[in-house]
Amino acid sequence: MASVDPKLILLFSGKRKSGKDYVTDLILKRLGSEICCILRLSGPLKQQFAQEHGLDYSELLAAGGYKETHRAAMIAWGEQCRRQDPGFFCRLATQGAQQPVWIVSDARRCSDLLWFRTEYPSQTRCVRVQASEETRGGRGWRFTAGIDDAESECGLDGEEFDWIITNEADTPALEEQLKDILHLASQAAGQHNS
Ligand SMILES: Nc1ncnc2c1ncn2[C@@H]1O[C@H](COP(=O)(O)OP(=O)(O)OP(=O)(O)O)[C@@H](O)[C@H]1O
Ligand SMILES: C[C@@](O)(CCOP(=O)(O)O)CC(=O)O
């Protein structure tokens, strides 16, 4: 099925264990699955990588250690695909999306932003999720050379974002920080329904 032209696209990025999935899941819960969907650029990547390498796709999607074991190889494999076609995973991930609000939970590279900004210039907004190394460490993150200092983690460090969400214990509640985004998304969905 062809995708429906979205009214709003929220492109989320952030370092490992900053809480991208946690924050985007919260937005989905607030807006509901009629209004919004979560799209993962790493979804089609993990699916094809699992197929080609005889791995468990659902374990690669989960937050546990399995995906970390295979992360470096997945990055290298994905970068090879992107060199031939930078929009490859963006196109696959958005295929068939029907909701008016798309949440992309894992933008990592300038080429990801460029693809959405080119295809959907008026709808695309960028959101950064950040957390201190101490907090990320508490969620299981450990610095890994070749991953945490490479493009997959650092490619968007110099970008400008429309919103920056700080996902730490002693910062304003996430609900409060997400108020403007939720409001904009509801408005966009309203336009879609009217
Ligand atoms: N505000 C929070 N309160 C409680 N737990 C949280 C919070 N934010 C994140 N977590 C937990 O921390 C862990 C990492 O979060 P999450 O998977 O959302 O990060 P991520 O940025 O998507 O990570 P990665 O890119 O490494 O997959 C998860 O177990 C998640 O439930
Ligand atoms: C291989 C890769 O897609 C893994 C992303 O996994 P996750 O978003 O951390 O669940 C990262 C990348 O594209 O470089």
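Keep in mind that the model is predicted.

Let's start with the rings. A pair of aromatic rings is described by the distance of the centres and the angle of the planes. Searching the whole structure turns up six aromatic pairs. One of them joins W115 and F116, with 4.9 Å from centre to centre and 85 degrees between the planes, which makes the pair edge-to-face. W115 also pairs with Y120: here the centres are 6.3 Å apart and the planes meet at 70 degrees, and because an angle over 60 degrees counts as edge-to-face, this pair gets that label too.

W115 comes in at 13%, so W115 is buried. F116 has a relative accessible area of 0%, so F116 is buried as well. Y120, at 11%, is also on the buried side.

Now look elsewhere for another group of rings. F49, W77, F88 and F89 are linked into a cluster by ring pairs.

Next, a quick stop at the backbone. Which residue has a positive phi although it is not a glycine? That's K17, with a phi of about 65 degrees. You'll find K17 in the loop that runs between β1 (8–14) and α1 (20–31).

Rolling a probe the size of a water molecule over the atoms shows where empty space is left. How many cavities of 30 Å³ or more does the structure hold? There is one, and the largest cavity has a volume of about 30 Å³.

What lines the largest cavity? The residues are S13, G14, A107, R108, R128, S152, E153 and L156. In terms of secondary structure, β1 and α8 (151–154) each contribute at least two residues to that lining. Sorted by class, the lining has three charged, three polar and two nonpolar residues. To see it for yourself, display S13 and G14 together with S152 and E153, which are among the lining residues.

Notes:
Residues are numbered from 1 along each chain as its sequence is written. Chains are lettered from A and ligands numbered from 1 in the order in which they are written. This is a predicted model: local features need pLDDT of at least 70, side-chain atom pairs count only at pLDDT 80 or more; totals for chains, interfaces and linings use all residues. Side-chain values use heavy atoms; hydrogens and water are left out. Rings of Phe, Tyr and Trp (its six-membered ring) pair if their centres lie within 6.5 Å; planes under 30 degrees apart count as stacked, over 60 as edge-to-face and the rest as tilted. Buried means under 20% relative accessible area, exposed over 50%, partly exposed in between (1.4 Å probe, protein chains only). Helices (H or I, at least four residues) and strands (E, at least two) are DSSP runs, numbered from the N terminus. On a 1 Å grid over the protein atoms alone, a cavity is a set of points where a 1.4 Å probe fits but cannot get out, and a pocket is an open set with protein on both sides within 12 Å along at least five of seven lines; lining residues have an atom within 4 Å of a point. Grid points are joined across faces, edges and corners, and a volume is the space filled by probe spheres set on the points. Ala, Val, Leu, Ile, Met, Phe, Trp, Tyr, Cys and Pro count as nonpolar, Asp, Glu, Lys and Arg as charged, and the others, Gly among them, as polar.
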